[in-house]
Every structure is written in C-alpha cells, then in structure tokens.
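User: I have a new model open and want to learn how to read it. Where do we start?
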Amino acid sequence: MTQHEESMWERIFSRGNLMVALERVQANKGAAGVDGMTVEDLPDHLRAHWVSIRAKLDKGRYQPSAVKRVSIPKPDGGERLLGIPTVQDRLIQQAMHQVLSEEYDPGFSDHSYGFRPGRSGHDAVRKAQSYIEAGDKWVVDMDLEKFFDTVHHDRLMARLKRDISDKRVLWLVNQYLKAGVMDNGVVMATEEGTPQGGPLSPLLSNIVLDELDRELERRGHRFVRYADDCNIYVRSQRAAERVLASVQRYVEKKLRLRVNQEKSAVDRATRRKFLGFSFY
C-alpha cells in the first residue's frame with residue numbers, strides 16, 4: 001500500500017499517534033465499558049499499566065474486553081444496538097483507526113460520505129439534490145438490514161489481507177471482531193458484525209461497502225452513500241425498479257449482506273427523506 005507498510009504496527013503504537021488517540025477518546029467522552037472505567041480514569045490507568053499492555057500486544061497475547069451492549073431508541077421507531085468498548089480498547093481502536101484511515105480513506109469512492117474526514121451529511125444531501133435537479137427524479141432508497149451486526153468477518157479479513165502485510169495488525173483487527181458482546185452480564189461470542197460504537201467500526205464498514213460503491217460506479221449509476229444508507233438516482237420508475245432488483249441481488253449474493261425490504265423503496269425523490277432531509 002505505501003512505503004510505511006512494514007512499520008504499520010509501530011506507527012499505530014507510536015507515542016505521537018497514541019497521544020492524538022487519547023485526546024480524541026477524551027473529547028468524545030462516552031459511557032464506561034464492561035469494566036466500569038471512565039474516560040477520566042484513563043490517563044492514570046495508562047501511566048500505571050501501559051508497559052504491560054504494550055508487551056501483551058507485541059507478544060500477541062492481548063485480549064480485548066467484550067463490548068457492553070446497549071440499545072437506544074431510533075427516531076423512526078425500533079432500537080439501535082450499540083456496543084460500548086472499554087476506554088482502554090477505545091484508545092487502541094482509535095490509534096488503529098488513525099493509521100488505517102490514512103491508508104484507506106484516499107482510495108474510497110467520491111460517492112461515499114459517512115464517517116470520512118472533511119465530509120459530512122450536509123455534503124451528501126447537497127450531492128443528492130444536484131442529481132435531482134439534473135433530472136434524476138426517481139430514487140432507489142436502499143437500506144441495509146442491521147448492517148453493523150451482519151458484516152461477514154471472513155470477507156472483511158480477506159479484503160484487509162489484500163492491502164495490509166503486517167500480520168500483527170490483521171491479528172488485532174480480528175481480535176476486536178471476535179471480542180464478544182456482554183448483555184445483562186452474559187458474554188456472547190460474535191461470529192459476524194462489527195459492533196456499532198467503537199472507533200474502528202465506521203472505517204471497517206466503509207472498507208466493506210467500498211465494494212458496493214465500486215460496483216455502482218462500474219454500472220454508471222449516480223448515487224450517494226452515507227454509511228449503510230445508499231440512494232441511487234435515476235430517470236424513471238421502471239429504471240428504478242430494475243436497479244433495486246439487480247443491486248439487491250448483488251448485495252445479498254456477493255457481499256452477503258441483507259437489504260431491509262421494509263425500509264428500502266422506489267419512489268419519487270421528493271417523497272423520500274435522506275439523512276432526515278426532504279427535497280422539493
């Protein structure tokens with residue numbers, strides 16, 4: 001990927017990168033994980049224990065804690081399940097995110113807006129509006145069902161192996177994918193998914209869905225994707241229905257993800273909301 005590749009592990013755990021990660025974790029605040037440690041406790045904890053934590057990481061013996069499962073109500077009804085890692089794991093994930101993001105983000109599709117530096121939901125909405133104004137009045141509004149809970153681990157790891165040669169980094173990503181979830185005091189293994197709530201999840205989701213972006217580009221579609229919300233803009237209802245059927249087949253067969261039938265639809269773009277915004 002770059003000339004830095006062999007030292008990716010050292011870049012992640014360099015003092016400078018860790019200090020930036022600590023600042024971000026502190027700025028994001030957030031609830032304690034399964035061990036009850038708060039963001040305020042983290043600096044003292046690191047001063048006392050970082051040498052032994054780093055030794056475990058270097059020897060391949062580090063075991064992330066299970067994430068704490070919490071559910072928050074969604075604006076449109078239903079619940080969103082979040083997984084809250086411990087603050088120590090949030091620090092390590094944030095340090096990984098910073099280095100992996102430098103590698104991956106420049107290569108992501110121009111149509112992808114979610115969880116990316118220098119891009120926002122407002123940018124995505126403006127892009128969608130430009131398609132509608134240019135005459136693409138119909139939208140294929142595609143929602144991926146429980147996306148963060150259904151990411152296929154083997155496919156994700158195979159994709160990462162294509163780009164990252166440092167086996168220690170791959171091992172640590174895999175440790176986080178398999179860390180498990182604690183719900184009401186019981187730890188459950190995670191065979192699929194990347195818990196929504198950790199700093200690494202949004203980047204991993206973009207790496208998975210970059211494949212969808214590339215396929216839509218290859219087909220010449222005009223689209224906007226923000227995380228697991230993807231809107232494709234076309235000229236007619238018939239074209240929209242055809243696109244929804246064929247893209248759904250691709251998502252379910254090739255990416256092994258599920259399209260949410262209830263939330264996905266073909267409609268006039270002015271009748272659907274995108275990221276909470278309506279178009280006129």
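**Reading salt bridges and cavities**

Analyst: Start with R219. It is partly exposed, with a relative accessible area of 32%. Salt bridges that share partners join R159, D163, D210, R214 and E217 into one network. R219 itself pairs with E215, their closest N and O atoms being 2.9 Å apart. E215 is buried, at a relative accessible area of 11%. Keep in mind that this is a predicted model.

User: How many salt bridges does the structure hold?

Analyst: There are 22. One of them joins R11 and E103, with 2.9 Å between the closest N and O atoms. This pair links distant parts of the chain: R11 sits in helix 1 and E103 in helix 4, 92 residues apart.

User: Is R11 buried or exposed?

Analyst: R11 is buried, because its relative accessible area is 17% and the cut-off for buried is under 20%. E103 is buried too, at 10%.

User: What does M8 contact, beyond its sequence neighbours within four places?

Analyst: M8 is in contact with V99, L100, E103, I164, D166 and V169. M8 lies in helix 1 and is buried, at 0% relative accessibility. The C-alpha atoms of M8 and V99 are 7.5 Å apart, though 91 residues separate the two along the chain.

User: How do I find empty space?

Analyst: Rolling a probe the size of a water molecule over the atoms shows where empty space is left. Here, a search of the whole structure finds two cavities of 30 Å³ or more.

Note on methods:
Residues numbered from 1 in each chain as written. Predicted model: local features only at pLDDT ≥ 70, side-chain atom pairs only at ≥ 80, totals over all residues. Heavy atoms only, no water. 1 Å grid on protein atoms, 1.4 Å probe; cavity = no way out; pocket = protein on both sides within 12 Å on 5 of 7 lines; lining within 4 Å. Points joined across faces, edges and corners; volume = space filled by probe spheres on them. Helix = DSSP H or I, 4+ residues; strand = E, 2+ residues; numbered from the N terminus. Buried < 20%, exposed > 50% of the residue type's maximum accessible area, 1.4 Å probe, protein only. Contact = heavy atoms within 4.5 Å. Salt bridge = Lys/Arg side-chain N within 4 Å of Asp/Glu carboxyl O.
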